[in-house]
Amino acid sequence: MANRRRLPRRRRPWGLWGLWGLGLLGAFGPLDIAGPCLSGVEPTRLEPVSLLVAVAGKSKALSLAGEPGCPDDAGELQEALEAWATASHGRLEKGSSSYRMLGIEVERKKMNKLWEEGHLLVSCYDAFAWLRTGRCPVHGQPPSTEDVLRSMGRVLERPPAEASDDELRAWIGREYGEDGLKRLLASQESLESPTESASPLVELKEFFTWFRRNFPYYHGHCERCMRVTHFLGVARPSDDERQEGGAGVSEVNFCEGCNVSSLFPRFRRVRPVLDTHRGRCGEYSWLALRFLEALGFPARWVDNHAGHAWVEAWVENRCGRWVHIDPCEAAVDEPLLYAEQWGRCPLHVLAYQATAELAVSVEDVTSTYRPADAEAVPEEISQKVTEAVAEARMKLDPWSSFPTQSSCIDTPPAPHSAARGNKAFWPKVRHRTN
């Protein structure tokens, strides 16, 4: 590889076009959210797609030819494949070639088999979306029923590999400090017994400011030379990364300075993220949710279904309210951050919570994150979101009622930890993502 020309600069995986597919993974996505306030909505395309395929020995690389963010150059795709094959298999496989083909269902099944065998590099998240669903995504559309179900499953699914509340409190005490842990616990307790010395908003702001310093947003830098790497695609994680860390994909990055490829597993459990201190909004929003639950705060996971995720915590006393928390930005109670500072006005934001009492609740909180003077969300988008949520609720459990949180209630909703260990709580229908 040392004598080959360097890989051309590629679009970063968290660009607006390249990472729509992270919605497939329950918002294991980039720091990027909805587009302009009045973007159009198009139906998902179902017709066969044009594929570009590179081959090196037993391994292949797959790209959606002509799609924004997906390579359409055979030489570029071959080099990406060779760099990945060298890193993953320890040698450069001979016999490189490339070809174009029509992505019909039989070919998709063959590619999925290669993926499960660990011999497929998927060059972009749009191509991964096609690989797993058979659909070619159109950007800017509101969440579908399947998207809502995946996010429901995200908050409901608590496997044995997940860290417990006790472990997380012990970690906070060890890393953040016992005094900081006591202040956080006292601020949560002040929801019922208010004291002048414990302010939930102040303590949470201080904690997540500390968190951001110690868990910086991962931009794909090389751990050897600290240079920014080039995104080559995604590959299947190892069995341990899938089973213990819940990873669905590993991003493959190439460093020009070191001339090597490295992997970034997109973990869905907190332990490996605590160990590596690497993540983006997908990892950090889930970690923030679990921290809040362990501290006793009722919390819910918020997905804008356009490439970014954060959390909300129930704070204040008397008439409680849900407060926006973005661990990537160390932002607490700043819901207009995205519209006013990022220049992205969310069109559809859903909050998901699982508790013993509510089973699972889904609330459309889009209005919270849009300025009062913003134009109304198009009726077509609002209607599709409402329909997707209603259908997802029925598919998850057609016999359950799904109460909606009121804007002011006497007592806060119970935290999820109250439901842990209650087998009757878990729904019969479980929705996993790969």
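## Confidence, sheet and aromatic contacts in a predicted model

Residues 1–6 keep a pLDDT under 50, and the model gives them 11 contacts beyond four places in sequence. Here pLDDT is the predictor's confidence in each residue, from 0 to 100, and a contact means heavy atoms within 4.5 Å. Residues 193–197 also have a pLDDT below 50, with 2 contacts beyond near neighbours in sequence. Where pLDDT is low, the predicted coordinates should not be read in detail.

This is a predicted model, with local features needing pLDDT of at least 70, side-chain atom pairs counting only at pLDDT 80 or more, and totals for chains, interfaces and linings using all residues. Residues are numbered from 1 along each chain as its sequence is written, and side-chain values use heavy atoms, leaving out hydrogens and water.

The chain averages a pLDDT of 81, and 75% of the residues score at least 70.

**Sheet.** An open sheet holds 6 strands in the order β11-β10-β9-β8-β12-β13, with antiparallel pairing. Strands (E, at least two residues) and helices (H or I, at least four) are DSSP runs, numbered from the N terminus. Two strands pair if DSSP finds at least two bridges between them. β11 and β13 (361–364) are the edge strands, each pairing on one side only. Strand β12 (residues 350–353) joins β13 over 4 antiparallel bridges. Within this pairing, A351 stands opposite E363 in β13.

**Helices.** Helix α4 (residues 145–156) lies across β8 (299–303), β12 and β13, at about 35 degrees to β12. Helix α10 (residues 281–295) lies across β8, β9 (309–315) and β10 (321–326), at about 15 degrees to β9. Axes are lines fitted to C-alpha atoms, for helices over the stretch in contact; angles run from 0 to 180 degrees between N-to-C directions. Helices α6 (residues 178–189) and α7 (residues 200–214) pack at about 145 degrees, their axes 9 Å apart. R183, L184 and S187 in α6 meet P200, E203, L204, E206 and F207 in α7.

**Aromatics.** F207 also belongs to an aromatic cluster with W171, Y176, F208, W210, F211, F215, Y284 and F291. Rings of Phe, Tyr and Trp (its six-membered ring) pair if their centres lie within 6.5 Å; planes under 30 degrees apart count as stacked, over 60 as edge-to-face and the rest as tilted. The model has 22 aromatic pairs.

A charge sits over a ring if NZ of Lys or CZ of Arg is within 6 Å of the ring centre and within 35 degrees of the ring normal.

| Charged residue | Ring | Distance from ring centre |
|---|---|---|
| R154 | W301 | 5.7 Å |
| R278 | Y218 | 4.9 Å |
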